[in-house]
Amino acid sequence: MRLQRFTATKLFLASTIFGLTTFASSQVLAKVASESVEIPSLAQEEQHAKAATRISELFTRAHYKKVKIDDALSEKMFTRYLESLDNSKHFFLASDVSVFEKNKLKFDEAVKVGNLDIAYEMYELNLERRKARLEYALSLLDEKFDFSEADDKFYYDREDAEWASNVKELNEIWRQRVKYDALNLVLADKTIEEAKELLTKRYKRAIRRLSQTNSEDVFQTVMNSFARSIEAHTSYLSPRNTERFQMDMNLSLEGIGAVLRSEDDHTVVVSVVAGGPADKNGEIKPQDKILGVAQDDEEVYIDVVGWRLDEVVELIKGPKGSLVKLQVQKGGTDTKKVVDIAITRDKVKLEDKAAKSDVIEQEDGRKIGVIEIPSFYHRLHADVIKLLDELETKQVQGIIVDLRGNGGGSLPEAIALSGLFIDKGPVVQIRRENGHIEINRDRDGIVMYDGPLTVLVDRFSASASEIFAAAMQDFNRAIIIGEQTFGKGTVQQHRSLGRIYDFYENKLGAVQYTMAKFYRISGGSTQHKGVKPDILYPTAIDPEEWGESKEENALPWDKIKRANYTTVTNSHNMLDVLTAKHNARIANDPEFQYIYKDIEEYKKNKDKKFISLVASERKAESKENDTKRLTRINERLERMGLAKIESLDDDLPEQLDDIDPFLTEAVNITNDMIKTGSYALNTRS
């Protein structure tokens, strides 16, 4: 069994802008676009009716959640489908939605009988509305942009806004939106003429792509609305995406090693493959948006906002050793920053994802071993055994298992890894859809390492990572350090919808659905709550605003009976001592002071739903951010005894890349644990 790597289905709030892109810069061109591009007539194909009925039958029969296809589910499905068509409320009018709502209780029956006409009609109208809005965007490019108008703003987060009541209101929304696109380009050193030319191409391309919509696009959208209305990790895969899944590269970029998804016409990075080119480069992060792509010999980026995901993938793919350049809008807490990133393509190999170790020597001479585990891949435990042997020869006195960014992998490997640090006992409990509970155990009675152990996690640590961390915590075998983890405590199964007797010209695709749930040996689920560290690091993200807690229709947290196991009792109040030392240390640590300031800034702005359209304000904000960054860099260089830099364009010393305050503090905590002379040894159940 493999635990599917988690994907956060709602990436962190950046500018959820359709990021329009097209080509005409005049009403004449808009008229030409209108005449030359026809919206296709869409209707479901024969195989879609069969696929819909098979999906509904499978979910009601085999899903972990008891699925009842009724009016309540129909309303949820309708709402999700409407959001998928126009989440930012940029296309439909309130009157359109009013008409749609007459059918909101008919979606359940539509899925059961396989007749999805009402969904196809909504989709087709959405294409018409998109075309009209894009043509209006093109016409706006004829006008003069005034980037000095006081208080002019673009409201990028309209998820909770009301639907526009008339075209005039929509026009104002689009005026802001087009001006936002133009200002972004001007701030990226484009002239206004160059910006208009680029936006003309972008918007025009978006119109042309509307004409390329096919029946499968509609079916995938509506069936995923159905699947996700049931549960957060349940989904439908089209035949094309099924092939990618089966090749273990679903939504992945060959050549740089990154997992992508398409969201609001942007190509968004979900995660980077451990050990792959993007990971080694270090500049691509989850939530980043890819705006442009260029090859190594090209000076001009191809603007890919509004492109289909597979077309963006084709641009980025290429032979090993070649260079691809990406123009990226940063995600997370730095959504206004756009950077150029060059990555050398390579073949992503399994061995690139392997665990690795390092030794960090403290001022007092103690050596702390660090084992970084990027994923729970096949035979991970064997690699870790070798690393433990190597660390033993280097005479380390404590070990940190670093699971930051580890989204999961193999369940057997999570159990086997746990077994390296305990002699035997239960590791995880699994409850199936029929209510049966099985306890997965380590049975070999062998401990590969019984010394001081800490486990470092963050909010991206999920699934198998949470199983291991929870087991170490429940046994009192290790101190867990970092951020509260993602909270994915479910198991998915992948199943094809095809049958050997099918004769459809087009295949039916496949589904992923939740068929089991994980529980800690202490009885609580890792679902929603994840693993709360014994020593919490400061973080900008509230656990309730991140991870599984933010997934719509995620299964709830619950609890089952505790497994039979024995823990080590800490009689020296070690955790209280370690926490006190940690708090005192970070209160005076410059790197943690930066973190606290960033948290304060994030919390101050996190509910902001707009961005200024005044160029001077944006430039001042950018200058302020650059000044802050330069100041921090020079403060770091001064602490290192290195020469300061004059500009952010200067070459930066490689030593700056090694700054990792979270790992450094984990080493300090582990060293404190050694000094106390009291730590959790292997346990017997």
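**Notebook: exposed sites, ring pairs and patches**

I looked up arginine 443 and found it exposed, with a relative accessible area of 65%. For burial I used these classes: buried is under 20% relative accessible area, exposed is over 50%, and partly exposed is in between, with a 1.4 Å probe and protein chains only. The model is predicted, so local features need pLDDT of at least 70 and side-chain atom pairs count only at pLDDT 80 or more, while totals for chains, interfaces and linings use all residues. Residues are numbered from 1 along each chain as its sequence is written, and side-chain values use heavy atoms, with hydrogens and water left out.

I placed arginine 443 in the loop between E14 and E15. Helices (H or I, at least four residues) and strands (E, at least two) are DSSP runs numbered from the N terminus. I then checked alanine 416, which is 27 residues from arginine 443 along the chain; their C-alpha atoms are separated by 9.5 Å.

Next I turned to the rings. I noted 19 aromatic pairs in the whole structure. Rings of Phe, Tyr and Trp (its six-membered ring) pair if their centres lie within 6.5 Å; planes under 30 degrees apart are stacked, over 60 edge-to-face, and the rest tilted.

Phenylalanine 421 sits in the loop between helix H14 (411-419) and strand E13 (425-432), and tyrosine 449 in the loop between strand E14 (437-442) and strand E15 (453-457), so the pair ties together parts 28 residues apart in sequence. Both residues, phenylalanine 421 and tyrosine 449, are buried.

I also looked up phenylalanine 486 and tryptophan 546, whose ring centres are 6.3 Å apart with planes at 90°, so this pair is edge-to-face. Phenylalanine 486 counts as buried at 1% relative accessibility, and tryptophan 546 counts as buried at 9%. I recorded one aromatic cluster formed by Phe59, Phe226 and Tyr513.

Last, the surface patches. They are made of residues with over 30% relative accessible area and no salt bridge, with like charges joined within 9 Å and nonpolar side chains (Val, Leu, Ile, Met, Phe, Trp, Tyr) within 5 Å. A salt bridge is a side-chain nitrogen of Lys or Arg within 4 Å of a carboxyl oxygen of Asp or Glu.

I found Ile500, Tyr501 and Phe503 making a nonpolar surface patch of about 510 Å². Areas come from the Shrake-Rupley method with a 1.4 Å probe. Phenylalanine 503 counts as exposed at 80% relative accessibility.
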